[in-house]
Amino acid sequence: MQKLFLALFFLELNVACGQQLIFRGYPLDTISIFGSAGYYHFDEKGTTTGREDVYVIAFDNQFKYYKVVDCKRNRILNTIHPDTSIIETKHFYRQAGKQIPTILLDNLCSALNSKMTHPIFSSLFIQEQDFFSLVDKKHILEVAKRYKEDWQFKRRYSSREENKILYKGCQNIDTFNLFLTSRFDTSGYVMVTDVWDEINISIKTANQCHSFEGKYPNPFRQPWYEHSLEGNTITILNLDINRALVSILPDKFYRKDSIAFPELIKTYIKWYLQRRDIISYLE
(Lines give C-alpha, C1' and ligand atoms only; values in the text may rest on other atoms or scores of the structure.)
Protein backbone atom coordinates (compact mmCIF):
# COMPACT_ATOMS: atom_id res chain seq x y z
CA MET A 1 0.00 0.00 0.00
CA GLN A 2 2.85 2.36 0.89
CA LYS A 3 4.58 1.65 -2.44
CA LEU A 4 1.33 2.30 -4.30
CA PHE A 5 0.90 5.61 -2.49
CA LEU A 6 4.44 6.71 -3.35
CA ALA A 7 3.94 5.71 -6.99
CA LEU A 8 0.76 7.74 -7.23
CA PHE A 9 2.44 10.69 -5.51
CA PHE A 10 5.32 10.80 -7.97
CA LEU A 11 2.92 10.30 -10.89
CA GLU A 12 0.89 13.34 -9.79
CA LEU A 13 4.11 15.32 -9.27
CA ASN A 14 5.27 14.46 -12.78
CA VAL A 15 1.90 15.47 -14.25
CA ALA A 16 1.97 18.77 -12.37
CA CYS A 17 5.56 19.64 -13.27
CA GLY A 18 6.99 17.16 -15.76
CA GLN A 19 8.99 17.88 -18.85
CA GLN A 20 8.44 20.53 -21.46
CA LEU A 21 5.43 19.82 -23.67
CA ILE A 22 5.75 19.21 -27.40
CA PHE A 23 3.38 21.04 -29.73
CA ARG A 24 3.40 19.96 -33.36
CA GLY A 25 6.87 18.53 -33.09
CA TYR A 26 8.59 21.35 -31.18
CA PRO A 27 9.03 22.26 -27.48
CA LEU A 28 6.25 24.51 -26.21
CA ASP A 29 7.70 27.69 -24.71
CA THR A 30 4.78 30.05 -24.04
CA ILE A 31 0.98 30.11 -24.06
CA SER A 32 -0.62 33.56 -24.09
CA ILE A 33 -4.39 33.92 -23.65
CA PHE A 34 -6.23 37.17 -24.40
CA GLY A 35 -9.84 37.97 -23.46
CA SER A 36 -11.11 41.23 -24.95
CA ALA A 37 -14.21 43.15 -25.96
CA GLY A 38 -14.99 46.68 -27.14
CA TYR A 39 -16.80 48.77 -29.70
CA TYR A 40 -16.57 51.71 -32.10
CA HIS A 41 -18.62 54.71 -30.93
CA PHE A 42 -19.42 56.34 -34.31
CA ASP A 43 -18.75 59.80 -32.85
CA GLU A 44 -16.89 62.77 -34.36
CA LYS A 45 -13.58 61.68 -32.83
CA GLY A 46 -13.88 58.12 -34.14
CA THR A 47 -13.59 56.72 -30.63
CA THR A 48 -12.99 53.06 -29.87
CA THR A 49 -13.05 51.77 -26.29
CA GLY A 50 -12.36 48.31 -24.99
CA ARG A 51 -10.91 46.08 -22.36
CA GLU A 52 -8.43 43.20 -22.55
CA ASP A 53 -7.08 40.68 -20.07
CA VAL A 54 -3.76 38.97 -20.82
CA TYR A 55 -2.62 35.72 -19.19
CA VAL A 56 0.86 34.46 -20.11
CA ILE A 57 2.21 31.03 -19.14
CA ALA A 58 5.84 30.07 -19.86
CA PHE A 59 8.12 27.12 -19.23
CA ASP A 60 10.67 27.65 -16.47
CA ASN A 61 13.86 25.97 -17.66
CA GLN A 62 15.42 26.05 -14.20
CA PHE A 63 12.61 24.38 -12.25
CA LYS A 64 11.10 22.45 -15.19
CA TYR A 65 7.48 23.51 -14.89
CA TYR A 66 5.06 25.97 -16.47
CA LYS A 67 4.16 29.09 -14.53
CA VAL A 68 2.29 32.38 -14.97
CA VAL A 69 4.77 35.08 -15.99
CA ASP A 70 2.26 37.88 -16.57
CA CYS A 71 -1.38 38.60 -15.81
CA LYS A 72 -2.66 42.05 -16.64
CA ARG A 73 -5.72 44.07 -17.61
CA ASN A 74 -5.59 46.72 -20.31
CA ARG A 75 -8.18 49.44 -20.76
CA ILE A 76 -8.13 50.75 -24.32
CA LEU A 77 -9.07 54.18 -25.67
CA ASN A 78 -8.35 55.04 -29.32
CA THR A 79 -9.47 58.01 -31.40
CA ILE A 80 -9.02 58.89 -35.08
CA HIS A 81 -9.46 62.70 -34.70
CA PRO A 82 -6.94 63.28 -33.22
CA ASP A 83 -4.97 60.09 -33.81
CA THR A 84 -4.42 58.83 -30.26
CA SER A 85 -4.01 55.50 -28.52
CA ILE A 86 -4.18 55.19 -24.74
CA ILE A 87 -3.73 51.91 -22.87
CA GLU A 88 -3.99 51.77 -19.08
CA THR A 89 -2.48 48.60 -17.61
CA LYS A 90 -3.02 46.97 -14.24
CA HIS A 91 -0.98 43.89 -13.26
CA PHE A 92 -2.32 41.11 -11.05
CA TYR A 93 0.79 40.09 -9.14
CA ARG A 94 -0.98 37.41 -7.09
CA GLN A 95 -1.17 35.33 -10.27
CA ALA A 96 2.44 35.89 -11.35
CA GLY A 97 4.60 32.87 -10.51
CA LYS A 98 1.63 30.53 -10.12
CA GLN A 99 2.47 27.02 -11.26
CA ILE A 100 0.15 25.56 -13.92
CA PRO A 101 -0.15 21.74 -14.02
CA THR A 102 1.22 20.36 -17.27
CA ILE A 103 -1.81 18.14 -17.77
CA LEU A 104 -4.10 21.19 -18.08
CA LEU A 105 -1.92 22.70 -20.79
CA ASP A 106 -1.61 19.35 -22.53
CA ASN A 107 -5.42 19.07 -22.61
CA LEU A 108 -5.62 22.47 -24.30
CA CYS A 109 -2.97 21.59 -26.87
CA SER A 110 -4.64 18.26 -27.64
CA ALA A 111 -8.02 19.96 -28.16
CA LEU A 112 -6.52 22.57 -30.49
CA ASN A 113 -4.91 19.80 -32.52
CA SER A 114 -8.11 17.77 -32.84
CA LYS A 115 -10.03 17.53 -36.08
CA MET A 116 -13.56 18.87 -36.25
CA THR A 117 -15.89 16.99 -33.92
CA HIS A 118 -19.63 17.60 -33.69
CA PRO A 119 -20.42 17.45 -29.98
CA ILE A 120 -23.08 15.43 -28.17
CA PHE A 121 -24.06 15.52 -24.53
CA SER A 122 -22.08 12.40 -23.59
CA SER A 123 -18.85 13.97 -24.89
CA LEU A 124 -19.10 17.09 -22.70
CA PHE A 125 -18.10 15.44 -19.40
CA ILE A 126 -21.13 17.07 -17.75
CA GLN A 127 -23.26 15.33 -15.14
CA GLU A 128 -26.97 15.12 -15.92
CA GLN A 129 -27.87 16.82 -12.64
CA ASP A 130 -25.68 19.79 -13.55
CA PHE A 131 -27.47 20.07 -16.90
CA PHE A 132 -30.92 19.81 -15.32
CA SER A 133 -30.05 22.45 -12.71
CA LEU A 134 -29.31 24.96 -15.51
CA VAL A 135 -32.44 24.29 -17.58
CA ASP A 136 -35.00 24.51 -14.77
CA LYS A 137 -37.94 26.90 -14.67
CA LYS A 138 -35.88 29.68 -13.08
CA HIS A 139 -33.22 29.72 -15.81
CA ILE A 140 -35.74 29.43 -18.64
CA LEU A 141 -37.66 32.43 -17.32
CA GLU A 142 -34.42 34.39 -16.91
CA VAL A 143 -33.63 33.97 -20.61
CA ALA A 144 -37.20 34.83 -21.60
CA LYS A 145 -37.07 37.95 -19.41
CA ARG A 146 -33.81 39.07 -21.05
CA TYR A 147 -35.73 39.27 -24.32
CA LYS A 148 -38.82 40.75 -22.62
CA GLU A 149 -40.93 37.68 -23.38
CA ASP A 150 -41.47 36.33 -19.86
CA TRP A 151 -45.02 37.70 -19.97
CA GLN A 152 -45.97 34.75 -22.18
CA PHE A 153 -45.56 32.41 -19.20
CA LYS A 154 -48.07 34.26 -17.04
CA ARG A 155 -51.40 32.60 -16.25
CA ARG A 156 -53.32 35.09 -18.39
CA TYR A 157 -51.49 33.92 -21.52
CA SER A 158 -50.51 30.33 -20.78
CA SER A 159 -51.85 27.61 -18.52
CA ARG A 160 -49.81 25.84 -15.87
CA GLU A 161 -49.95 22.61 -17.89
CA GLU A 162 -48.74 24.34 -21.06
CA ASN A 163 -45.81 25.86 -19.18
CA LYS A 164 -45.00 22.51 -17.60
CA ILE A 165 -44.81 20.86 -21.04
CA LEU A 166 -42.56 23.64 -22.32
CA TYR A 167 -40.18 23.37 -19.33
CA LYS A 168 -40.01 19.59 -19.67
CA GLY A 169 -39.23 19.85 -23.38
CA CYS A 170 -36.24 22.09 -22.67
CA GLN A 171 -34.95 19.60 -20.09
CA ASN A 172 -34.79 16.80 -22.66
CA ILE A 173 -31.22 15.66 -23.45
CA ASP A 174 -32.26 14.55 -26.94
CA THR A 175 -33.42 18.11 -27.64
CA PHE A 176 -30.11 19.41 -26.33
CA ASN A 177 -28.25 17.02 -28.65
CA LEU A 178 -30.28 18.37 -31.57
CA PHE A 179 -29.12 21.85 -30.61
CA LEU A 180 -25.49 20.71 -30.44
CA THR A 181 -25.58 19.13 -33.89
CA SER A 182 -27.34 22.02 -35.61
CA ARG A 183 -26.28 25.26 -33.92
CA PHE A 184 -22.59 25.67 -34.82
CA ASP A 185 -21.85 27.14 -38.25
CA THR A 186 -18.53 25.88 -39.65
CA SER A 187 -19.04 27.10 -43.22
CA GLY A 188 -16.73 30.13 -43.03
CA TYR A 189 -15.09 32.91 -41.05
CA VAL A 190 -17.44 35.38 -39.33
CA MET A 191 -16.72 39.07 -39.92
CA VAL A 192 -17.83 41.83 -37.49
CA THR A 193 -16.59 45.40 -37.94
CA ASP A 194 -18.04 47.76 -35.29
CA VAL A 195 -17.62 45.58 -32.19
CA TRP A 196 -15.35 42.81 -31.00
CA ASP A 197 -15.77 40.20 -28.29
CA GLU A 198 -13.25 37.39 -28.44
CA ILE A 199 -10.72 35.13 -26.79
CA ASN A 200 -7.40 34.57 -28.52
CA ILE A 201 -4.71 31.97 -27.86
CA SER A 202 -1.09 32.30 -28.94
CA ILE A 203 1.14 29.23 -28.65
CA LYS A 204 4.86 29.85 -29.13
CA THR A 205 7.19 26.96 -29.81
CA ALA A 206 10.88 26.81 -30.65
CA ASN A 207 10.21 27.44 -34.34
CA GLN A 208 6.99 29.47 -34.72
CA CYS A 209 3.85 31.01 -33.21
CA HIS A 210 0.38 29.48 -33.64
CA SER A 211 -2.69 31.73 -33.33
CA PHE A 212 -6.26 30.68 -32.47
CA GLU A 213 -9.39 32.83 -32.20
CA GLY A 214 -12.83 32.30 -30.67
CA LYS A 215 -15.14 35.22 -31.39
CA TYR A 216 -18.59 36.80 -31.30
CA PRO A 217 -21.20 36.19 -32.67
CA ASN A 218 -20.37 32.48 -32.72
CA PRO A 219 -22.21 30.81 -29.82
CA PHE A 220 -19.91 29.60 -27.05
CA ARG A 221 -17.02 30.97 -29.20
CA GLN A 222 -17.40 27.88 -31.40
CA PRO A 223 -16.02 27.10 -33.86
CA TRP A 224 -12.50 28.35 -33.20
CA TYR A 225 -10.29 29.63 -36.01
CA GLU A 226 -6.60 28.95 -36.48
CA HIS A 227 -4.78 31.64 -38.46
CA SER A 228 -1.70 30.36 -40.27
CA LEU A 229 1.35 32.41 -41.18
CA GLU A 230 0.39 31.90 -44.83
CA GLY A 231 -2.87 33.77 -44.27
CA ASN A 232 -5.13 30.71 -44.26
CA THR A 233 -7.90 30.15 -41.72
CA ILE A 234 -8.66 26.67 -40.40
CA THR A 235 -11.97 25.97 -38.63
CA ILE A 236 -11.88 23.91 -35.42
CA LEU A 237 -15.11 22.74 -33.77
CA ASN A 238 -14.20 21.18 -30.45
CA LEU A 239 -15.88 22.07 -27.15
CA ASP A 240 -12.92 20.56 -25.28
CA ILE A 241 -11.01 23.77 -26.10
CA ASN A 242 -13.42 25.71 -23.91
CA ARG A 243 -13.29 23.15 -21.12
CA ALA A 244 -9.48 23.22 -21.11
CA LEU A 245 -9.36 27.04 -21.04
CA VAL A 246 -11.85 27.26 -18.18
CA SER A 247 -9.65 24.91 -16.11
CA ILE A 248 -6.58 27.11 -16.72
CA LEU A 249 -7.85 30.69 -16.45
CA PRO A 250 -8.50 32.54 -13.17
CA ASP A 251 -12.14 33.16 -12.27
CA LYS A 252 -12.08 36.91 -12.95
CA PHE A 253 -10.43 36.61 -16.37
CA TYR A 254 -12.34 38.86 -18.78
CA ARG A 255 -14.88 37.00 -20.96
CA LYS A 256 -14.17 33.65 -19.34
CA ASP A 257 -17.91 33.42 -18.75
CA SER A 258 -18.47 33.33 -22.53
CA ILE A 259 -16.71 29.95 -22.83
CA ALA A 260 -18.03 28.32 -19.65
CA PHE A 261 -20.76 25.65 -19.74
CA PRO A 262 -23.54 27.87 -18.27
CA GLU A 263 -23.17 30.19 -21.28
CA LEU A 264 -23.71 27.27 -23.64
CA ILE A 265 -26.89 26.41 -21.76
CA LYS A 266 -28.16 30.01 -22.03
CA THR A 267 -27.64 29.81 -25.79
CA TYR A 268 -29.47 26.49 -25.84
CA ILE A 269 -32.45 27.88 -23.91
CA LYS A 270 -32.66 30.83 -26.31
CA TRP A 271 -32.55 28.43 -29.28
CA TYR A 272 -35.28 26.29 -27.69
CA LEU A 273 -37.55 29.30 -26.98
CA GLN A 274 -37.08 30.45 -30.57
CA ARG A 275 -38.21 27.04 -31.82
CA ARG A 276 -41.27 27.33 -29.60
CA ASP A 277 -42.02 30.84 -30.95
CA ILE A 278 -41.48 32.46 -27.56
CA ILE A 279 -38.49 34.52 -28.74
CA SER A 280 -38.24 36.04 -32.20
CA TYR A 281 -35.43 34.85 -34.49
CA LEU A 282 -34.74 38.53 -35.18
CA GLU A 283 -33.43 39.00 -31.65
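The model is predicted: local features need pLDDT of at least 70 and side-chain atom pairs count only at pLDDT 80 or more, whereas totals for chains, interfaces and linings use all residues. Residues are numbered from 1 along each chain as its sequence is written, and side-chain values use heavy atoms, with hydrogens and water left out. The protein chain contains eight helices and 10 strands, where helices (H or I, at least four residues) and strands (E, at least two) are DSSP runs numbered from the N terminus.

**Overall architecture**
- Along the principal axes, the C-alpha atoms of the protein chain fill a box of roughly 70 × 70 × 35 Å.
- Of the 283 residues, 41% count as buried; buried means under 20% relative accessible area, exposed over 50%, and partly exposed in between (1.4 Å probe, protein chains only).
- Among contacts (heavy atoms within 4.5 Å) with a separation of 6 or more, 65% involve residues 24 or more positions apart.

**Strands S4 and S5**
- Strand S4 (residues 65-79) pairs with S5 in the antiparallel sense over eight bridges; pairing requires that DSSP finds at least two bridges between the strands.
- Leu77 stands opposite Ile86 in S5, and a hairpin of four residues joins S4 to S5.
- Strand S5 (residues 84-91) lies largely in the open, because the number of buried residues among its eight is zero.
- The loop between S4 and S5 holds Pro82, which a cis peptide bond joins to His81, with omega about 0°.

**Helix H5**
- In helix H5 (residues 160-170), the buried residues are Asn163, Leu166, Tyr167 and Cys170.
- They cover an arc of only 100° around the axis, which puts them on the same side of H5; the arc is that of the directions from the helix axis to the C-beta atoms.
- Lys164 and Lys168 are exposed on the other side of H5.
- The cover over the buried residues of H5 includes helix H3 (128-134), helix H4 (137-146) and helix H8 (261-275).

**Further backbone sites**
- Most residues other than glycine have a negative phi, and most peptide bonds are trans.
- A cis peptide bond also joins Tyr216 and Pro217, with omega about 5°; Pro217 is in the loop between strand S8 (209-215) and strand S9 (224-227).
- Phe125, in the loop between helix H2 (102-113) and H3, has a positive phi of about 55° and is exposed, with a relative accessible area of 60%.
- Lys148, in the loop between H4 and H5, has a positive phi near 60° and counts as exposed at 69% relative accessibility.
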